[in-house]
Each structure stands twice: as structure tokens, then as C-alpha cells.
Amino acid sequence: MSPSGARRLRVRLAKIFRHRSGLRLLLLSALVGVVSGCGALVFYYATNAVDHLMLGRLGHYHLPVEGEAGRIATISSLSMDVRW
């Protein structure tokens, strides 16, 4: 965007925010919604990443998938060849 285009955009936004309080409230509400939605996505993916890292990589624990209800989820590093 050219400097003159950025200046025009800034002047236009300043006029909107100065004269139309209803529109200003609507724009700010939309901005808050978008920012909070992005924060929620970051939080969701961060918790999934930590879950995968702590349980899957460091703990070697894998949850059973659907259809494997009869099997017991085991920790692979503790499995033994012979049981008593």
C-alpha cells in the first residue's frame, strides 16, 4: 500500500470512529471477536501439542482408538515378554 493510500485509509477510519458511535461500537466488537477467536485457536492447538508431547512422546502412552474398547491401553515401555 502506498503512503498516500495508507494516509487516506487512516483519515477515512478516523472519520468513521469520530462521527458514528454505533458503527464504531460494531467495528470494535467485531475486532474483539476476531482477536478472541484467534486466541481460542492458539490455545486449542497449544494444549493439543502439549498433550501429544507429554503423553505420546515422553510418556509413551497412546489412548485406545474407537473400536478397540476390549483392549487395555498399555504403556509400551513396561510390557513384559512373560507374565508370571
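Rings of Phe, Tyr and Trp (its six-membered ring) count as a pair if their centres lie within 6.5 Å; planes under 30 degrees apart are stacked, over 60 edge-to-face, and the rest tilted. By this rule, the model holds 1 aromatic pair.

Select Tyr44 and Tyr45 to see this pair: the arrangement is edge-to-face, with 5.2 Å centre to centre and 70 degrees between the planes. Colour by accessibility next, where buried means under 20% relative accessible area, exposed over 50%, and partly exposed in between (1.4 Å probe, protein chains only). Tyr44 counts as partly exposed because its relative accessibility is 47%, and Tyr45 counts as exposed because its value is 55%.

A note on what is on your screen: this is a predicted model, in which local features need pLDDT of at least 70 and side-chain atom pairs count only at pLDDT 80 or more, while totals for chains, interfaces and linings use all residues. Residues are numbered from 1 along each chain as its sequence is written, and side-chain values use heavy atoms, leaving out hydrogens and water.

Met54 is partly exposed, because its relative accessibility is 46%.

Finally, where does His60 lie? Look in the segment after H2. His60 has a positive phi of about 55 degrees, although it is not a glycine.

Notes:
Helix = DSSP H or I, 4+ residues; strand = E, 2+ residues; numbered from the N terminus.
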